[in-house]
Amino acid sequence: MLAAGSMHSIALTRSGSVYVWGSNKEGQLGLGDEAEEISFTAERLVIDSNNSSIKDISCGYYHTALVSHTGELYTFGEADGGKLGLGEIGNNNQDTVDLPSKVDVPEKVFHKMLWH
């Protein structure tokens with residue numbers, strides 16, 4: 001599966017691994033604050049310490065969202081306007097989130113994501 005934002009792209013492999021490349025100026029590659037502003041080659045994204053397997057990917061203009069096989073939602077990139085679903089991030093002088101961050105999804109939504 002492939003997805004593309006304004007200046008970045010991501011790929012999901014059959015095994016659930018995610019690869020990212022392109023612009024990282026807004027943290028949309030999820031590679032951390034030490035990452036280069038542009039990645040010209042695909043880099044494997046580490047989702048969390050458990051190395052969660054991903055089942056779905058999506059890109060916005062400058063942000064990215066991933067859903068794991070267990071139904072967990074991760075977002076990263078430009079946080080403006082609350083688009084990452086991470087609460088007050090973006091309103092406290094933090095314009096970007098540069099690592100995959102787990103979104104606290106209400107239980108009703110979680111069940112719909114898993115079963116539909």
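Rings of Phe, Tyr and Trp (for Trp, the six-membered ring) are taken as a pair if their centres lie within 6.5 Å, and a pair counts as edge-to-face if the planes are over 60 degrees apart. The exercises below apply to a predicted model.

**Exercise 1.** Determine how many aromatic pairs the whole structure holds, and classify what is found.

*Solution.* A search of the whole structure returns 1 aromatic pair. The partners are Tyr-61 and Tyr-62, whose ring centres lie 4.6 Å apart, with 75 degrees between the planes. Since the centres have to lie within 6.5 Å and the planes over 60 degrees apart for the edge-to-face class, the pair of Tyr-61 and Tyr-62 is edge-to-face.

**Exercise 2.** Decide whether Tyr-61 and Tyr-62 are buried, partly exposed or exposed.

*Solution.* The cut-offs are under 20% relative accessible area for buried and over 50% for exposed, with partly exposed in between. Tyr-61 has a relative accessible area of 54% and is therefore exposed. Tyr-62, with a relative accessible area of 22%, is partly exposed.

**Exercise 3.** Describe the sheet that contains strand S1, and explain why one side of S1 and of S4 lacks a neighbour.

*Solution.* The sheet is open and consists of 4 strands in the order S1-S2-S3-S4, paired in the antiparallel sense. Strand S1 (2–4) and strand S4 (38–45) stand at its edges and have a single partner strand each, so one side of each remains without a neighbour in the sheet. Neighbouring strands of this sheet are turned against each other by 15 degrees on average, direction ignored. Within the sheet, S2 and S3 pair over 5 bridges, and His-8 stands opposite Gly-22 in S3.

**Exercise 4.** Give the strand order and the edge strands of the open sheet that contains S5.

*Solution.* This open sheet of 4 strands runs in the order S5-S6-S7-S8, with antiparallel pairing. Its edge strands are S5 and S8, each of which pairs on one side only, and the twist averages 15 degrees from one strand to the next. S6 and S7 are joined in the antiparallel sense over 5 bridges, where His-63 has Gly-77 in S7 as its bridge partner.

Definitions and conventions
Residues are numbered from 1 along each chain as its sequence is written. This is a predicted model: local features need pLDDT of at least 70, side-chain atom pairs count only at pLDDT 80 or more; totals for chains, interfaces and linings use all residues. Side-chain values use heavy atoms; hydrogens and water are left out. Rings of Phe, Tyr and Trp (its six-membered ring) pair if their centres lie within 6.5 Å; planes under 30 degrees apart count as stacked, over 60 as edge-to-face and the rest as tilted. Buried means under 20% relative accessible area, exposed over 50%, partly exposed in between (1.4 Å probe, protein chains only). Two strands pair if DSSP finds at least two bridges between them. Helices (H or I, at least four residues) and strands (E, at least two) are DSSP runs, numbered from the N terminus. Axes are lines fitted to C-alpha atoms, for helices over the stretch in contact, and angles run from 0 to 180 degrees between N-to-C directions.
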